[in-house]
Amino acid sequence: MTERNQTREVKIGGIAIGNGHPIAVQSMCATPTTNIPATLKQLESLEAAGADVIRVAVDNKKDAQALIELRRQTQAVLSVDLQENYRLAEILAPHVDKIRYNPGHLYHHERKKPWKDKVHFLADIAVQHDCALRVGVNAGSVDPAKLSRHPSDGPASDSVLPMVESALEHSEWLDQIGFTRYCVSLKDSDPRKTVSAYQKFAGTRPDIPLHLGVTEAGIPPEGIEKTRIAFEQLIGKGIGDTIRVSLTLPYDDKHQEISAGRQILKDISEGRVRTVVHFDENKLNLISCPSCSRVENEAFIDLAQKVKSRTRYARDHAITIAVMGCRVNGPGETDDADLGLWCGPNYVNLKRRGEKVGAFKYDEILDRLDSELKYLIR
Ligand code: SF4
């Protein structure tokens with residue numbers, strides 16, 4: 001293994017990351033959190049595959065109660081993903097090992113309350129209940145104050161600045177209030193931007209442990225390849241203390257995220273890096289989210305597969321198609337795509353280069369996507 005950055009040690013339940021500890025491999029449950037049997041099955045399957053930490057999304061009090069029940073039934077190291085409702089941390093911290101918050105989501109509730117107060121609240125809760133934190137910055141939901149400082153989307157190396165600034169600002173504040181048991185992530189669906197964001201952050205704060213990931217990497221094998229490109233470049237330069245390979249997979253196959261992550265780490269450590277593999281910006285780029293408890297119709301996973309096979313004819317065109325599993329993050333996460341789809345319970349929404357085209361039934365959307373794609377190619 002190449003030399004790694006001298007990051008701080010951060011304990012998460014029974015494991016530790018940073019300070020030379022082995023790179024931890026994580027995954028996330030995609031089942032509705034309130035479906036306790038299905039989520040427990042997924043937790044068990046991820047744990048059996050060797051997951052070091054498993055994240056579970058919580059949106060509301062029903063989800064929170066379900067996670068508390070799941071905690072009773074599993075020994076897994078658990079991380080809660082707070083999404084917009086940061087105050088749920090108070091209920092959940094006694095039952096989990098790590099709390100992930102997204103700086104860009106802290107604005108949705110109590111809009112007048114300063115973000116620093118909200119982060120202070122989270123840090124206090126984490127201290128009281130022996131939890132680690134993750135500052136999880138994501139390209140699809142960046143802090144609006146940071147986006148407004150960089151209004152034009154520049155070249156790849158510049159467009160990550162709002163993410164990097166947001167992560168640095170939160171890190172500085174956590175340090176100032178005396179909380180250092182945290183790691184940071186800066187995920188983009190484009191591996192080049194992901195690499196750029198992590199390199200910029202680590203250039204300023206090489207001491208902070210980093211959780212690596214290419215968000216919405218998509219369906220295997222392409223989703224694994226995109227992630228591999230980013231991980232090889234980052235881990236090869238000593239950056240990264242924990243990883244997740246975010247793949248769009250049926251629930252029963254979700255454990256493949258762990259095997260894919262372990263394989264990439266093994267290959268890097270044994271020098272089997274695929275320098276010939278590169279992200280070709282002149283080809284069709286299909287991105288799709290790994291799904292989570294917000295998916296309202298499981299048909300999303302099948303749809304992502306069908307979009308892949310139906311659009312194969314466009315493989316030599318520089319077009320990005322994004323397929324997202326929910327109506328909450330879907331609209332924002334598809335902003336940069338040429339064609340963006342996001343799924344509701346009965347309809348799939350479609351937009352072309354930022355303009356909403358309409359909402360279509362699951363059995364109609366592929367034909368409409370096909371005609372929009374042909375229009376763009378023409
Ligand atoms: S886009 Fe929606 S369903 Fe997909 S991972 Fe993000 S929040 Fe979950």
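Thr-334 sits in the loop that links helix H12 (330–333) to strand E13. The model shown here is a predicted one. Is Thr-334 buried or exposed? A residue counts as buried when 20 or more other C-beta atoms lie within 10 Å of its own. Thr-334 has 26 other C-beta atoms within 10 Å, so it is buried. Apart from neighbours within four places in sequence, the contacts of Thr-334 are Ala-322, Met-324, Gly-340, Trp-342 and Lys-351. Thr-334 can also be placed relative to Leu-373: 39 residues separate the two in sequence, and their C-alpha atoms are 15 Å apart in space.

Which residues of E13 point which way? Leu-339, Leu-341 and Cys-343 point one way, while Gly-340 and Trp-342 point the other way. Both groups are buried.

Strand E13 has partners to follow next. Strand E12 (residues 320–324) runs parallel to E13 and is joined to it by 4 bridges. Within this region, Val-323 stands opposite Leu-341 of E13. Strand E14 (residues 347–352) pairs with E13 in the antiparallel sense, over 5 bridges. Here Leu-339 has Arg-352 in E14 as its bridge partner. E13 and E14 make up a hairpin, with 3 residues between the two strands.

The view can now widen to the domains. How many residues of each domain take part in the contact between domain 1 and domain 2? The domain assignment gives domain 1 as 10–269 and domain 2 as 285–377. On the domain 1 side 20 residues are in contact with 17 residues of domain 2. The side of domain 1 that touches domain 2 is made up of 8 nonpolar, 8 polar and 4 charged residues. Between the C-alpha centres of the two domains the distance is 24 Å.

Elsewhere in the chain there is an open sheet of 8 strands, paired in parallel, in the order E8-E7-E6-E5-E4-E3-E10-E9. Its edge strands are E8 (182–187) and E9 (211–212), each of which pairs on one side only.

Nonpolar side chains tend to be buried together in soluble globular proteins. In this model the largest nonpolar core has 108 residues, and the members that touch the most others are Ile-54, Ile-99, Leu-122 and Tyr-198. Helix H9 (residues 222–235) supplies the largest share of this core, with 6 residues. Domain 1 and domain 2 each contribute at least three residues to the core. Beyond its neighbours within four places in sequence, Ile-54 is in contact with several residues, including Met-28, Leu-43, Leu-46, Val-77 and Leu-78.

The last stop is the ligand. Which residues around the ligand come nearest? Of the 13 residues around it, these are Cys-289, Cys-292, Gly-325, Cys-326 and Asn-329. Sorted by class, the shell around the ligand contains 7 nonpolar, 4 polar and 2 charged residues.

Technical notes:
Residues are numbered from 1 along each chain as its sequence is written. This is a predicted model: local features need pLDDT of at least 70, side-chain atom pairs count only at pLDDT 80 or more; totals for chains, interfaces and linings use all residues. A nonpolar core is a set of buried Ala, Val, Leu, Ile, Met, Phe, Trp, Tyr and Cys residues joined through C-beta atoms within 7 Å. A residue is buried if 20 or more other C-beta atoms lie within 10 Å of its own, exposed if 12 or fewer, and partly exposed in between; C-beta atoms are placed from the backbone. Domain bounds come from an automatic or database domain assignment. Two residues are in contact if their C-beta atoms, placed from the backbone, lie within 7 Å. Ala, Val, Leu, Ile, Met, Phe, Trp, Tyr, Cys and Pro count as nonpolar, Asp, Glu, Lys and Arg as charged, and the others, Gly among them, as polar. Two strands pair if DSSP finds at least two bridges between them. A residue is near a molecule or strand if its C-beta atom, placed from the backbone, lies within 6 Å of it.
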